[in-house]
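Please take a first walk through this structure, one part at a time. The sequence and the model come first, and the explanation follows.

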Amino acid sequence: MRDIFRLSLTLVVVAIISASLLTGVYSVTDPIIRERQEKDYFQALEEFFPAIDQFETREIEGDRFDLVYDQAGEKLGVMATVGTQGYDGKISYNLAVDYDGEIIGIRIISHSETPGIGDVITTDNFQEQFIGKGFDDPIRDGEDVDSISGATLSTGAMIDGIRRTITQIGEDILGRERKAFDPTEIVDGIYQGSVEGTHGPLTVEVEIADGIIKRVDVIEHNETEAYFVDAYPEIPEKIVEEQEVYVDTQTGGTLSAERIVAAVEKALEGGPVDKDDGGESNE
Amino acid sequence: MIIIEEKLVVSSSPHMRSVESIQSVMTDVLIALFPAALMAVLLFGYRALITMVISIITAMLIEAVWRRKRDLFSDGSAAVTGLLLALTLPAAVPWWLVVVGSASAIIIGKQVFGGIGYNIFNPALVGRAILVVSWGGHMAGDIWPSPQPFAFGIDVSTVTGATALAAPEIAMTFSFSELFIGNIPGSLGETSALALLIGGIWLVYKGHIDYRIPGGFIATVFVLGAAFGGGFYGNQLMTGLFHVVAGGVVIAAIYMATDFVTTPVTPLGRLIFGIGCGLITMLIRLWGTLPEGVTFAILIMNAATPIIDNFTIPRQFGGVNKSA
Amino acid sequence: MNESNVYLQDLSRGIIKENPVFRLLLGMCPVLGVTAFLINGLGMGIAATAVLVASNVVISALKNFIPNQVRIPCFIVVIATFVTIIEMVLQAFQPVLYEALGVFVPLIVVNCVILGRAEAFASRKPLFRSLIDGIGVGIGFTLALGLLALVREVAGQGTIMGPDPDSAIHLFGAGFEPMGLFGQPAGAFIALGLLLGIVNVLFKRFKIQ
């Protein structure tokens with residue numbers, strides 16, 4: 001018994017000494033670490049918004065959004081601190097957007113993409129193509145921005161992440177409305193639209209009859225099956241049910257869900273196709 | 001005292017001797033590769049010839065220096081490795097890439113393991129894998145704007161474009177006969193299934209390769225291609241054939257998966273090896289991120305070779321049960 | 001054998017004869033993980049050395065107080081404490097290096113070299129010799145990491161003193177296309193294998209036992 005007592009006591013003593021040592025070091029280094037991170041952040045803020053005077057912080061779903069004001073109290077824009085799932089872990093970055101909803105700058109805070117391949121996301125070359133893009137731009141790979149071959153997953157993740165962030169900023173912070181599709185104003189017919197997906201195009205077919213979205217079908221896709229099943233048929237059903245193109249895409253397969261919505265949007269932007277033609281599908 | 005007139009030679013096994021040597025086999029392989037090499041020059045022009053010459057000479061030089069022998073050709077295996085590597089490269093690769101690839105194939109692929117007979121992986125494929133990982137851009141095929149000395153009168157810029165496997169849209173631009181004869185984009189030696197098959201038949205006739213490995217490999221690719229390949233030419237069987245003739249399956253099945261050193265020795269093991277290669281190739285092609293998977297398929301199966309050998313040892317008859 | 005000779009031996013043993021990387025093949029995880037750039041490799045080596053020296057000294061000092069049955073948990077706690085301290089200090093004062101080393105800093109805790117020295121040397125030998133041993137093994141570890149990182153950075157990136165563009169020196173000019181393989185984990189294995197081969201050849205040549 002005495003033995004066990006002695007063993008426990010030794011462990012306890014060692015643990016207490018260790019804990020107190022760590023607490024001491026932590027109390028010294030923690031303020032320095034925080035200060036440095038804040039300083040880096042302010043530096044970036046000043047770089048993106050030279051006229052910055054003050055800012056107001058908002059938290060939405062754990063992401064930080066800073067509304068930036070100048071000395072006159074005019075809104076300059078928004079700095080978002082967000083993260084997206086990269087090829088190898090989380091990429092966290094700042095996205096600076098001016099009041100008109102146009103991207104001013106991107107700053108990667110941390111990432112663990114493959115050195116020499118995925119880390120192109122930190123280069124100006126990749127980031128510059130986003131500058132000036134805004135709320136109304138598609139920000140889609142192959143349309144107005146390009147992923148970098150060899151690093152498609154890392155750069156594609158950034159493109160998707162930036163699109164999501166700027167949409168969120170537009171809707172939740174700057175209070176913009178999306179251009180709405182009113183089914184009653186769309187000519188009856190069958191519409192097709194496709195967007196670039198994980199491994200190839202994703203094509204949807206939308207049927208409008210009597211001003212009602214009758215059905216939405218994905219007629220071609222090359223998504224990862226495990227994620228796609230979470231988006232389909234759930235998202236088309238939602239669209240038909242709510243008679244609304246921009247439904248909530250938070251599902252187990254958010255990327256696929258967003259692509260379905262985007263494809264529907266594209267379909268309705270174009271004119272109706274003749275059903276018998278079917279020329280666009282690669283069957 | 002008895003005097004033995006005739007001296008008896010006592011030696012250890014093997015006691016059966018054959019006129020075949022490594023050198024004669026390797027020479028036969030080189031002869032078998034000649035149609036493919038010729039097609040490469042016809043299709044891609046003089047750059048193909050330069051690439052092959054650089055690759056072969058580098059391989060032989062490195063081998064000779066490493067083994068401190070003056071004989072450049074030696075057993076011929078370095079020349080085969082160099083030529084095979086060259087045939088898996090796109091037409092427009094820079095010369096230094098060929099040198100690095102060929103040197104890596106000989107040094108990392110073969111000599112660090114102890115030379116021919118000891119290497120675990122096919123040296124040419126090790127060289128290729130290193131090049132793919134290091135300079136993926138060049139290995140995907142640069143556009144090479146060049147006069148087209150022999151190039152069948154087709155546009156060379158399309159010949160050095162993306163491989164037919166890169167996307168279905170690209171695949172559909174070639175007819176099946178083009179795929180079979182080989183005037184399509186791709187690596188130097190992989191495009192012409194016809195030339196490769198001629199060499200393959202010669203090798204089987206000479207008894208140097210076992211039909212089981214290429215047979216199992218190609219059959220598996222065909223079956224999986226037909227079942228899951230995506231319906232090219234509107235026909236499942238043609239899709240299967242497409243997957244066989246497009247890309248590097250034929251050259252790999254006949255010349256690389258049949259390497260004596262790195263493949264199983266038992267007949268059943270060889271069949272398993274071939275099927276495994278085909279399976280991994282199609283897994284990478286259909287569901288992986290790379291367009292082509294033969295390189296890594298064979299390297300992975302090379303690594304599995306000792307296990308396959310171990311499980312397919314033929315039963316011994318007439319032995320004594322050890323535990324008895 | 002006189003006094004100073006013992007210390008000299010303790011020091012040199014960790015560097016050459018029992019080099020943790022090239023001879024004992026211990027602590028391979030950071031060796032392969034952080035050696036894409038010379039600075040990262042050396043930084044990791046120095047961080048591990050600091051932990052090693054500190055834990056060797058403390059464990060040697062405490063060896064008479066720690067009962068045999070619970071020595072491993074005690075060693076781990078001591079090592080983990082120093083690793084956490086190093087981690088916080090790095091984060092506060094060397095943020096760039098901290099980012100580059102990433103998860104490998106906390107993983108110093110499970111680096112076999114450190115626990116191995118604690119168990120095999122520090123828990124048996126006097127304090128000063130443990131200190132010397134820690135320094136020697138640490139230098140050996142740092143040198144090995146530095147050598148591997150140098151090879152990998154020159155071949156895989158074409159630079160030294162990267163990845164920071166301000167300090168990076170491009171050795172072969174702008175047209176050089178580095179051998180991407182060595183920048184990647186697979187290349188770390190190949191580079192380490194080649195280095196081990198060369199080291200073995202050298203040891204045989206100079207008959208170092």
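The C-alpha trace of chain C spans about 60 × 45 × 25 Å along its principal axes.

The model is predicted: local features need pLDDT of at least 70, side-chain atom pairs count only at pLDDT 80 or more, and totals for chains, interfaces and linings use all residues. Residues are numbered from 1 along each chain as its sequence is written, chains are lettered from A and ligands numbered from 1 in the order in which they are written, and side-chain values use heavy atoms, with hydrogens and water left out.

Of the 209 residues of chain C, 49% count as buried; buried means under 20% relative accessible area, exposed over 50%, and partly exposed in between (1.4 Å probe, protein chains only). When contacts in chain C between residues at least 6 apart in sequence are taken, 74% join residues at least 24 apart, a contact being heavy atoms within 4.5 Å.

Most residues other than glycine have a negative phi. C:Leu25, which is not a glycine, has a positive phi of about 55°. C:Leu25 sits in the loop between helix H1 (3-17) and helix H2 (28-33) of chain C and is partly exposed, at 43% relative accessibility.

B:Arg68 belongs to the loop between helix H2 (46-66) and helix H3 (77-87) of chain B, and with a relative accessible area of 77% B:Arg68 is exposed.

Is B:Thr305 buried or exposed? B:Thr305 is buried, at 6% relative accessibility. B:Thr305 is part of helix H15 (residues 294-311) of chain B. Neighbours within four places in sequence aside, B:Thr305 is in contact with B:Thr262, B:Thr263, B:Pro264 and B:Phe273.

Chains B and C also meet. Their contact takes 10 residues from chain B and eight residues from chain C. Together the two chains bury about 720 Å², 69% of it on carbon and sulfur atoms; buried area is the accessible area (1.4 Å probe) that two parts lose on being put together, summed over both. Helix H4 (95-107) and helix H5 (123-134) of chain B each supply at least two residues of the side of chain B that touches chain C.

Chain A remains. Its secondary structure comes to six helices and eight strands, in the order α-β-β-β-β-β-α-α-β-β-β-α-α-α. Chain A has a radius of gyration of 25 Å, whereas a compact globule of 283 residues would have one near 19 Å. The C-alpha trace of chain A spans about 85 × 65 × 40 Å along its principal axes. Of the 283 residues of chain A, 45% count as buried.

Definitions and conventions:
Helices (H or I, at least four residues) and strands (E, at least two) are DSSP runs, numbered from the N terminus. The radius of gyration is taken over C-alpha atoms; the globule rule is 2.2 Å times the number of residues to the power 0.38.
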